[in-house]
Amino acid sequence: MPSPFARLSRPVGGLLDRVRDGFESPRATSVAVATLVVVTIGVTLGIVALGGVFDATVDQQVTVDNPDRPPESTCETFGDDPDSVFGERCDEPARVEVDAGAELRDAADGYLHYGLIGVPVWWGIFALALHIGARVAGGEGSVGDSFLIAGWALVGELLRVIAGLAAIWFALSNAAITGSTFEALAEQIVAALATTTGPLLVASAVAIAVQWAIVVGGLEARHDLGRGAAAGVATVFAAVALLLAAPANFGSF
């Protein structure tokens with residue numbers, strides 16, 4: 001009678017075989033390029049969606065310094081001068097109420113470059129690190145092969161973004177956000193997001209598992225490594241990724 005480990009290893013082995021065969025397909029490079037483009041666009045849209053989540057779930061007015069009014073020292077010096085460009089602006093109130101959700105949305109939009117630039121940068125760094133790992137394990141593939149594998153593995157990041165958005169939306173939708181200042185609002189949002197740490201870590205683990213399978217199959221097909229050596233290299237990267245994901249989920253809130 002086969003052991004539980006043998007029963008579990010069969011579907012995993014079959015999955016790795018299919019991934020390996022995929023990397024040997026003539027369309028493997030096209031898949032990697034398409035994945036890079038889709039994930040870059042997806043992460044960028046995810047940042048836009050995050051702003052939309054804030055706007056939709058944080059329905060609160062907060063009082064802030066009026067950005068249209070010059071500093072008090074400037075108004076004291078030039079405010080009574082009818083020829084000064086500051087005179088009319090100094091008549092503006094020092095504090096105004098703004099929509100906190102809209103302000104958070106605008107702040108999130110300021111990070112769009114992280115999606116447009118960050119994903120390709122991560123792809124390059126991971127590809128080079130993967131190539132070094134493959135070489136250490138005795139792999140024979142080129143740097144281009146490593147970039148190909150890293151391109152396929154990007155799909156795990158898109159899964160993580162989708163799960164993160166869903167968790168943040170659920171947490172904020174069920175939280176009481178009532179702060180009248182950005183300081184109070186920030187404390188309440190941080191407390192609400194603290195409830196997402198567990199689900200986000202699970203999502204990260206699933207994404208890393210997907211990437212692990214892709215890397216193993218890719219190293220077998222493109223670097224001519226045996227399955228044991230390929231799994232060893234992939235496991236090292238997966239362990240590092242999981243260690244980095246834990247502080248990101250638990251330490252940032």
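Is Phe126 buried or exposed in this predicted model? At 13% relative accessibility, Phe126 counts as buried, where buried means under 20% relative accessible area, exposed means over 50%, and partly exposed covers what falls in between (1.4 Å probe, protein chains only). Since the model is predicted, local features need pLDDT of at least 70 and side-chain atom pairs count only at pLDDT 80 or more, while totals for chains, interfaces and linings use all residues. Residues are numbered from 1 along each chain as its sequence is written, and side-chain values use heavy atoms, with hydrogens and water left out.

Phe126 is a handy way into the aromatic side of things. Rings of Phe, Tyr and Trp (the six-membered ring for Trp) are taken as a pair if their centres lie within 6.5 Å; planes under 30 degrees apart count as stacked, over 60 as edge-to-face, and the rest as tilted. The count by this rule is 5 aromatic pairs. In one of them, the ring centres of Phe126 and Phe237 sit 5.6 Å apart with the planes at 90°, so this pair is edge-to-face. Phe126 belongs to helix α5 and Phe237 to helix α10, so the pair ties together parts that are 111 residues apart in sequence. Helices here are DSSP runs (H or I, at least four residues), as are strands (E, at least two), numbered from the N terminus.

Next, the nonpolar interior. A nonpolar core is a set of buried Ala, Val, Leu, Ile, Met, Phe, Trp, Tyr and Cys residues joined through side-chain atoms within 4.5 Å. The largest one has 24 residues, and those with the most contacts inside it are Phe23, Leu130, Trp152, Val215 and Leu219. Two or more residues come from each of α1 (4-23), α2 (28-57), α5 (112-136), α6 (143-153), α9 (197-222) and α10 (227-250). Apart from this core lies another, of 15 residues, with Val64, Val98, Ala100 and Ile189 among them. Leaving out residues up to four places away in sequence, Val215 touches Phe126, Leu130, Ile149 and Ala234, a contact being heavy atoms within 4.5 Å.

Of its 11 residues, 8 are buried, so α6 is largely enclosed by the rest of the structure. The buried ones are Asp145, Ser146, Leu148, Ile149, Ala150, Gly151, Trp152 and Ala153. Several of these turn up again around His223, which lies in the loop between α9 and α10. His223 counts as buried, at 0% relative accessibility. Its contacts, not counting residues up to four places away in sequence, include Asp145, Ser146 and Ile149, along with His131, Glu140 and Gly218.

Val48 lies in helix α2 and is partly exposed, with a relative accessible area of 38%. Val48 and Gly115 are 67 residues apart in sequence, yet 10.0 Å apart in space, C-alpha to C-alpha.

That leaves the charged pairs. The structure holds 9 salt bridges, each a side-chain nitrogen of Lys or Arg within 4 Å of a carboxyl oxygen of Asp or Glu. One of them joins Glu220 to Arg227 at 2.9 Å, N to O. Glu220 is buried, with a relative accessible area of 12%, whereas Arg227 counts as partly exposed at 28%. Both belong to a salt-bridge network that also links Asp17, Arg20 and Asp21. Elsewhere, Arg160 bridges to Glu157, with the closest N and O atoms 2.9 Å apart; both lie in helix α7 (residues 155-173), 3 residues apart, about one turn of the helix. Asp106 and Arg105 form a salt bridge with a closest N and O separation of 3.5 Å. Asp106 is partly exposed at 44% relative accessibility, as is Arg105 at 29%.
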